[in-house]
Amino acid sequence: MRFSAQTAVSWRQKSKSTCVPREFPKPQAPHPLPDELWRSIIGFGVRCRHARSIDLPDPLAQTSYVSSDDDHWYDDFRIFSDRKSFRLVSRYWRDIVDEISSEYQVIESNDDLITLIKLLEGPNAKGLKKKKMSKRIITTLPPKCIGSSIKRLDLSIQHSYDPQYVVRVLHHTPNLLIFLNKNGPPTAVRNRRTPTEILDALPTLCPNLLRLDWASPGEPPRLEDVVQVCNALPFLKTLRLTGIRSYPVPTPNHHLRFIMPNLRTLSLNYFPQPVGEDFVETYALTWAPFFATITGSVEQLPLLSRFECDPLSIPLNSISPSPIPGNPVLDFFKIHGHKLKHLKVAAWEPAHQLRPNRALLPELLPYCPNLRKLVLTERNPPSESLTLPWNAPGCLLQCRYLEQICIMPFHSLVIDGPRHLMEAAIIKPLDELMREIEESVTPPRPVGSTYYGPLLPSSRVREIRIHNAGPLEYVMEYPSWLRFWWRRWNIIGSLFSDRSGISFWETEDQIEGFAPFSVSGKAFSTWYKVLGDVHNGRRPLVVIHGGPGLTHQYMLIPIVFYDQLGSGQSSHYRKCPQDFWTPSLFSDQLETLLKHLKIHGNYDILGHSWGGFLAAYFACHRKPPGLQRLILANAPASIPLMQKGLNILLDQKGPEFAAMMRQHEAHRTMHAREYQAGISLFISEHLCDMEPWPPDLQESFAVSDEDETVHNQMMGRKTFQVEGTLKDESTVAYLFNITAQTLVINSDKDEMHDICVKPFADHIPDVRWFKLKKSTHVPMFEEPESYFQLLSGFLA
């Protein structure tokens, strides 16, 4: 649900009589809703993702948005505009929004700590450096209410900070439920540990803490500190660690024992490489000493149901002499395995001298009879030391309640490279893993059997999911491979699905993804959808939508759709200089997408409206050798000529009507009722004459209204006078550079008048111009039969 500021103002007008009388602090409607229901409704619109997530993200959840890591407040860029809109409704709504906004605090610098302390302690805050309040913090709540509202605190400080400032914050957050530490460098462990002051303050000042999370290896705690803090938090439900200081333990310390009576989730991430010569002596790439602290008795971790560890099989013995006897990992599963319902481990295990020929996971599964979810992390590419086969047909049959298996990438970074290398690094190892899983859920084949097809399973596995993100996003470019495995899993009655839980049968001809795109070092992403297989030998068609600022929804013509930068599901960039938005920028984006999809050597382009102007600009200035055919539908060759054509159409409505419209635009009173009525009339005659508008066209304009940055900065806010960066743009002088066969389409009632379309026919060497008779600006809806017949005949 999204609200614009205009919608919120209308709510405020209604609230005077139906919802919130301004002189009272809460709604006094004829049939008022309970306060808690109002909070739930408002919270749905303004609360950040994972603000109250006690558990870690579940890759097997039934949702369209699943992250491999925890999310942050800045993931949903629209949340802040929603909050501003909700705050306009009434004072009561404003207070609720401020309270919900205070729940999740992210600290990225020492200055952020100072700002938060000033908010919590008010004018009495002392001993702080002078600093202006952050502009992104908007609240009218008193300091005491802010502190009691904070439920989650994330530390993500990359540089030095004062630990005492963190302690001062904790003094004012008695209701804190989640404490997440992402301090320090995110990729390597340095000689820096979590300050003792913070660890001592947590159980004392925040006794109700439910989740303790070291999500980054930059500031790992000591083993003894973790034991002390966790044992002092009786309600702790989730613990995640990415590294531990003070390894190896010189002698077995039987006093280091975890209790954690309410812990349900334990996550031990892969150890990163330590940095610094003096750090090697107190650090080892193993969780074995940690396992020794939780394998003392069955009374430890009585409620544990979810366990994550990556990898499992590196024993302490393989790195340095160990005083810990036996195999602590195996001991852990013998004691706690029967409690586990959710297990996440590495798909490929490292080899070492104790287990040179087989993996550990098949030996652990018999101790997990109640397992329901199994998540395997896939490393790409796996090294020779990470390719141990399971060699255990039917091993998953021992988990008689197992229902779901998920394959996840080890990291979320999208990688790219030559096709043959990507196949070797991603598709081949993934295919091997799929075969291992298939063998593990089916009974062993009879001795002497020559049948190698799929066998019916005895287990209850109902879903095999590939989390197609990061490196595994590349599998979407292999629909034939996905179809092959969909058929094999379908035979044995299992759903083969993507990260959203959607069957690959439903998406085999519709591939979606994000292509990386950078401008001056700033990273963006381009959302795209591919219909069919772009590598099947046939030339693909790339569709460029109009606007600027609209989205792809109204252009449902195969084969490759994408949303331009600042539109739809691609990256948005509101706070940028106006000259950032140029045709050259969008040409760079299109060029990057073609290379990402590996179709830049042979393709066609269809551009509609602004997309047609961009397609012509791209063909003129970039002279792409792979472009074979070009379709310019309802598009202008020149923005000044487009403006001239619009005014010709306006004058046809009569001098009084035209004068009224121009006067409102000159005085910038486009919100006036008579101007809005005039625009509605003009649009109904020259943009779309259907009533009501097609759903896809409505959706495209609705999504565009959420962020009008691109349209306002490129075209301006006026209809009949272009004021943005496009006002002087023209392709007329360069059209002779287009060597591709070109089809130009418009209509008699099109808002793209002949005066701005004719230069295409005059200057492009190989061009055909067709005018449709029964449509305006969107012939794909108004006369689809003639339109698609024209396209198919040209592309044949």
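1. Phe586 and Trp610 are both buried, where buried means under 20% relative accessible area, exposed over 50% and partly exposed in between (1.4 Å probe, protein chains only). The two residues form an edge-to-face aromatic pair, at 5.7 Å centre to centre and with 80 degrees between the planes. Rings of Phe, Tyr and Trp (its six-membered ring) pair if their centres lie within 6.5 Å, with planes under 30 degrees apart counted as stacked, over 60 as edge-to-face and the rest as tilted. Because Phe586 belongs to helix α16 (residues 583-596) and Trp610 to helix α17 (residues 610-622), the pair ties together parts that are 24 residues apart in sequence. The whole structure holds 13 aromatic pairs, and one aromatic cluster consists of Phe291, Phe307, Phe332 and Phe333.

2. On provenance, this is a predicted model, in which local features need pLDDT of at least 70 and side-chain atom pairs count only at pLDDT 80 or more, while totals for chains, interfaces and linings use all residues. Residues are numbered from 1 along each chain as its sequence is written, and side-chain values use heavy atoms, with hydrogens and water left out.

3. The protein contains 25 helices and 20 strands; helices (H or I, at least four residues) and strands (E, at least two) are DSSP runs, numbered from the N terminus. Of its 796 residues, 55% count as buried. Among contacts (heavy atoms within 4.5 Å) between residues at least 6 apart in sequence, 78% join residues at least 24 apart.

4. An open sheet is formed by 12 strands, in the order β1-β2-β3-β4-β5-β6-β7-β8-β9-β10-β11-β12, with parallel pairing. Its edge strands, β1 (104-107) and β12 (495-497), each pair on one side only; two strands pair if DSSP finds at least two bridges between them. Within the sheet, β5 (residues 238-241) and β6 (residues 265-268) run parallel and are joined by 4 bridges. Thr238 has Thr265 in β6 as its bridge partner.

5. Lys344 is buried yet has no salt bridge, the nearest side chain of opposite charge being Glu308 at 4.4 Å. Here Lys and Arg count as positive and Asp and Glu as negative, with His and the chain ends not counted. A salt bridge requires a side-chain nitrogen of Lys or Arg within 4 Å of a carboxyl oxygen of Asp or Glu. Not counting residues up to four places away in sequence, Lys344 touches Phe307, Glu308, Cys309, Val375, Thr377 and Met408.

6. The salt bridges number 30. One of them links Glu463 and Arg465, with the closest N and O atoms 2.9 Å apart; both residues are buried. Another joins Asp748 to Lys771 at 3.0 Å between the closest N and O atoms. Asp748 lies in the loop between β19 (741-747) and α23 (754-763) and Lys771 in strand β20 (residues 767-772), so this pair ties together parts that are 23 residues apart in sequence. Asp748 is partly exposed, at 47% relative accessible area, and Lys771 is partly exposed at 28%. Arg193, Arg222, Glu224 and Asp225 are linked in a network of salt bridges.

7. Helix α8 (residues 196-205) has Ile198, Leu199, Ala201, Leu202, Pro203 and Leu205 as its buried residues. These residues pack against α7 (163-171), β3 (178-181), β4 (211-214) and α9 (223-231).
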